[in-house]
Amino acid sequence: MSLTIESTVTWFRKFDEKIQANKNTLTDLDQSIGDGDHGINMSRGLTEVIKTLEGKSFDTLGELSKAVAMTMIGKVGGAAGPLYGSAFLKMSIKMGTNIKLSDVELLDVLKEGEQAIIHRGKSSVGEKTMVDVWSPLLAEFAETSAINWEEFKTLAHKNMLATKELHAKKGRAAYLGERSVGHIDPGAMSSYLLFESLAETMIEGGH
Ligand code: ADP
Ligand code: MG
């Protein structure tokens with residue numbers, strides 16, 4: 001299986017659909033431990049990402065990912081916009097002029113995205129952020145040459161649920177301290193939806 005320009009567009013279409021369908025849930029989660037704007041931020045941003053992707057054709061994966069990054073930086077807002085934007089920008093550099101990525105290459109690209117989030121957010125595992133979905137997921141598949149995308153999706157979901165028990169150390173939720181325990185992190189949920197969309201794209205693509 002490989003990720004192509006066409007399947008990357010499918011990935012973002014799915015991500016957009018899931019963000020729009022879960023907009024209220026993301027907002028509710030952010031209302032519990034933040035300021036309640038994550039659903040609105042992501043919904044607005046993904047609508048713009050889809051407009052960007054529909055308005056232009058892309059010759060390389062690097063170009064496509066850079067366009068996604070710039071739209072996210074400009075349109076998502078909050079903490080999540082610059083974080084996702086930095087991830088896709090760093091990923092675009094790694095993708096470069098490729099038009100196709102194998103599972104191993106895709107994992108390397110995602111790893112760049114993870115590092116960009118960690119660098120930008122000065123965050124690490126266990127601080128109740130989107131990093132708690134990205135890092136353990138990519139670590140689990142680090143030695144894999146062909147990803148089992150069902151397992152990938154299941155683990156991303158498990159990582160999202162596990163943020164519930166964590167005490168927030170970064171982002172707005174950190175102001176709540178111990179009271180942040182008992183709620184899923186909103187950014188962890190949007191990152192799960194990103195990875196669920198990718199897994200479904202790869203499963204359906206089947207090539
Ligand atoms: P804001 O907190 O500015 O309102 P959002 O609500 O859009 O921004 O996004 C909040 C999410 O961003 C959090 O749930 C968390 O996953 C993520 N986040 C916030 N700060 C950091 C950070 N320093 N490092 C990694 N992720 C972070
Ligand atoms: Mg917020």
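A polar contact is a pair of N or O atoms within 3.5 Å; within protein, one atom must be able to donate a hydrogen and the other to accept it, and residues adjacent in sequence count only if both atoms are side-chain atoms. Keep that in mind as we visit ligand 1. This is a predicted model, where local features need pLDDT of at least 70 and side-chain atom pairs count only at pLDDT 80 or more, while totals for chains, interfaces and linings use all residues. Residues are numbered from 1 along each chain as its sequence is written, chains are lettered from A and ligands numbered from 1 in the order in which they are written, and side-chain values use heavy atoms, leaving out hydrogens and water.

Let's start with the contacts. An oxygen atom of ligand 1 lies 3.0 Å from a polar backbone atom of methionine 130. Side chains take part too: an N or O atom of aspartate 37 is 3.0 Å from an oxygen atom of the ligand, and one of aspartate 185 is 2.6 Å from a ligand oxygen.

Now look at the wider surroundings. Ligand 1 has 20 residues around it, and Asn41, Ala79, Gly121, Asp185 and Gly187 are the closest; a residue counts as near if one of its heavy atoms lies within 4 Å. Helices H3 (38–54), H5 (80–95) and H9 (186–205) each supply at least two residues of this shell, and H9 gives the most, with 3 residues. Helices here are DSSP runs (H or I, at least four residues), numbered from the N terminus.
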